[in-house]
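Here is a short briefing on side-chain contacts, written to be read alongside the model. Take a look at the structure first, and then we can go through the contacts together.

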Amino acid sequence: MVKNQKVLLKKSQQDKLIKEQKQLQDYAEYLEKSEDELRAFRHDYRNMFNSLKISAQEGNTKELIQKLDEYTKTNLNAKVF
């Protein structure tokens with residue numbers, strides 16, 4: 001009987017470790033995905049600002065400011081926050 005309890009305890013400990021490892025893997029995947037999304041967001045945002053800068057040099061800022069405002073509101077609400 002004691003031997004069976006030890007086996008069960010070991011099985012229980014193994015199950016706990018497996019569960020913890022799975023949680024860590026899931027969290028690592030979540031962080032990688034978040035990092036990729038943030039990198040893409042920064043890239044898109046940088047492109048938008050470059051477009052705004054070019055338009056400002058050309059004197060056509062009104063349309064791009066509206067697009068930048070819309071883009072910022074949409075992406076900040078949906079992805080970052």
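In this predicted model, D26 counts as partly exposed because its relative accessibility is 34%. Its salt-bridge partner is K22, with the closest N and O atoms 2.8 Å apart. K22 is partly exposed too, at 45% relative accessibility.

- D26 and K22 sit 4 residues apart in helix α1, so about one helical turn separates them.
- This pair belongs to a structure that holds 4 salt bridges.

**A network around R39**
- Salt bridges link E35, D36 and R39 into a network.
- R39 meets the side chain of E35 at 3.0 Å, N to O, and bridges to D36 with the closest N and O atoms 3.2 Å apart.
- Along helix α1, E35 and R39 are 4 residues apart, about one turn, while R39 and D36 are 3 residues apart, also about one turn.
- E35 is partly exposed at a relative accessible area of 45%, R39 is partly exposed at 44%, and D36 is partly exposed at 45%.

**The aromatic pair**
- Searching the whole structure turns up 1 aromatic pair.
- That pair is Y27 with Y30, and it is stacked: the rings are 6.3 Å centre to centre, with 25° between the planes.
- Both tyrosines lie in helix α1 (residues 2-58), where Y27 and Y30 are 3 residues apart, about one turn of the helix.
- Are these side chains buried or exposed? Y27 and Y30 are both exposed.

Technical notes:
Residues numbered from 1 in each chain as written. Predicted model: local features only at pLDDT ≥ 70, side-chain atom pairs only at ≥ 80, totals over all residues. Heavy atoms only, no water. Phe/Tyr/Trp six-rings, centres within 6.5 Å; stacked < 30°, edge-to-face > 60°. Helix = DSSP H or I, 4+ residues; strand = E, 2+ residues; numbered from the N terminus. Buried < 20%, exposed > 50% of the residue type's maximum accessible area, 1.4 Å probe, protein only.
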